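Me: I have just opened this entry and would like to be walked through it. Could we take it residue by residue?

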Amino acid sequence: MFEGKKPIAVINADVQEYNTKTGTMTATGAVTILYKEIETFSDKAILTTAKNGDLKNIELIGHAKVKEQNNETSADEFFYDSATKFLVAKGNTTTNVRMENGEILTLKSARQEFQQESNEFNASGNVKVWYQDYHAEGPKISIYPDKETKKPNEVYFVGRSSITQGMRTIYADKIRMILKPKDFHAEGNTRTVIKNVGDSGSD
């Protein structure tokens, strides 16, 4: 597929069908797509083009995975709009981001949204985050990047959430987790539970 005269997408699959009336290509069976800096894998893919042949959007279905530089996300389904550069992942979503220090930030949820230009990230539905010795959970989060590195740095949990570090777990209505310098803040009906080191069965 082309953007003007420049090839921007290469699609490989067992079967490919193209509807010239709607500008829709359907690829099935071990589908791989290389689109600019994005590489995808899925059981099925639906690509829609404009009248001039430019790519409008990509939909990935079944065992889908998207790789972009140091980021990798897997989900049941993906939808990417090339005009808005907005990516949505749905169903058993897992994202792994390699940070500047080589550590991995892992995020699992029911739904994830990523705005490519602003590098902002939202997730909802039983959200779980792991980073170093942090483990946090909540119904919804927003992640904002560091202005210099463009990597995720501030994670905001909204709704009753928790963050665990070692033997300590803090519950709150809002939690702000900072990755560098590593820190977190909790507010709203906060409650701290410290597990008794001498007796693993008590708090």
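Me: Where does Trp 130 lie?
Reply: Trp 130 lies in strand 11. Strands here are DSSP runs of E with at least two residues, helices are runs of H or I with at least four, and both are numbered from the N terminus. The model is a predicted one, in which local features need pLDDT of at least 70, side-chain atom pairs count only at pLDDT 80 or more, and totals for chains, interfaces and linings use all residues. Residues are numbered from 1 along each chain as its sequence is written, and side-chain values use heavy atoms, with hydrogens and water left out.

Me: Is Trp 130 buried, exposed or partly exposed?
Reply: Trp 130 counts as partly exposed because its relative accessibility is 32%. Buried means under 20% relative accessible area, exposed means over 50%, and partly exposed is in between, with a 1.4 Å probe and protein chains only.

Me: What does Trp 130 touch?
Reply: Not counting residues up to four places away in sequence, Trp 130 touches Ile 104, Leu 105, Thr 106, Lys 108 and His 135. Contact means heavy atoms within 4.5 Å. With His 135 there is also a polar contact between the side chains, at 3.0 Å. A polar contact is a pair of N or O atoms within 3.5 Å; within protein, one must be able to donate a hydrogen and the other to accept it, and residues adjacent in sequence count only if both atoms are side-chain atoms.

Me: And how far apart are Trp 130 and Thr 48 in space?
Reply: From C-alpha to C-alpha, Trp 130 and Thr 48 are 36 Å apart, and in sequence they are 82 residues apart.

Me: Let us move to Ser 109. Is that residue buried or exposed?
Reply: Ser 109 is buried, because its relative accessible area is 7%. The residue is found in strand 10, which covers residues 104-115. Its side chain has a polar contact of 3.3 Å with that of Gln 112.

Me: Which residues is Ser 109 in contact with beyond its sequence neighbours?
Reply: Leaving aside neighbours within four places, Ser 109 is in contact with Asn 92, Thr 93, Ala 123, Ser 124, Gly 125, Asn 126 and Val 127.

Me: What is the phi of Asn 92?
Reply: Phi of Asn 92 is near 50 degrees, which is positive in a residue other than glycine. Most residues other than glycine have a negative phi, and most peptide bonds are trans. Asn 92 is found in strand 9 and counts as exposed, because its relative accessibility is 60%. Gln 132 also has a positive phi, of about 50 degrees, although it is not a glycine. Gln 132 sits in the loop between strand 11 and strand 12 (134-145).

Me: Which peptide bond is cis?
Reply: The bond from Lys 180 to Pro 181 is cis, with omega near -5 degrees. Pro 181 is in the loop between strand 14 (168-178) and strand 15 (183-187).

Me: New topic: how many salt bridges are there?
Reply: The count comes to six, where a salt bridge is a side-chain nitrogen of Lys or Arg within 4 Å of a carboxyl oxygen of Asp or Glu. One of them joins Glu 117 and Lys 85, at 3.9 Å from N to O. That pair links distant parts of the chain, 32 residues apart: Glu 117 is in the loop between strand 10 and strand 11 (120-131), and Lys 85 is in the loop between strand 8 (71-81) and strand 9 (86-98).

Me: Are those two buried, exposed or partly exposed?
Reply: Glu 117 is exposed, with a relative accessible area of 62%, whereas Lys 85 is partly exposed, at 30%.

Me: Finally, how many helices and strands are in the chain?
Reply: The chain has zero helices and 16 strands. Of its 203 residues, 37% count as buried. The C-alpha atoms fill a box of roughly 70 × 35 × 30 Å, taken along the principal axes.
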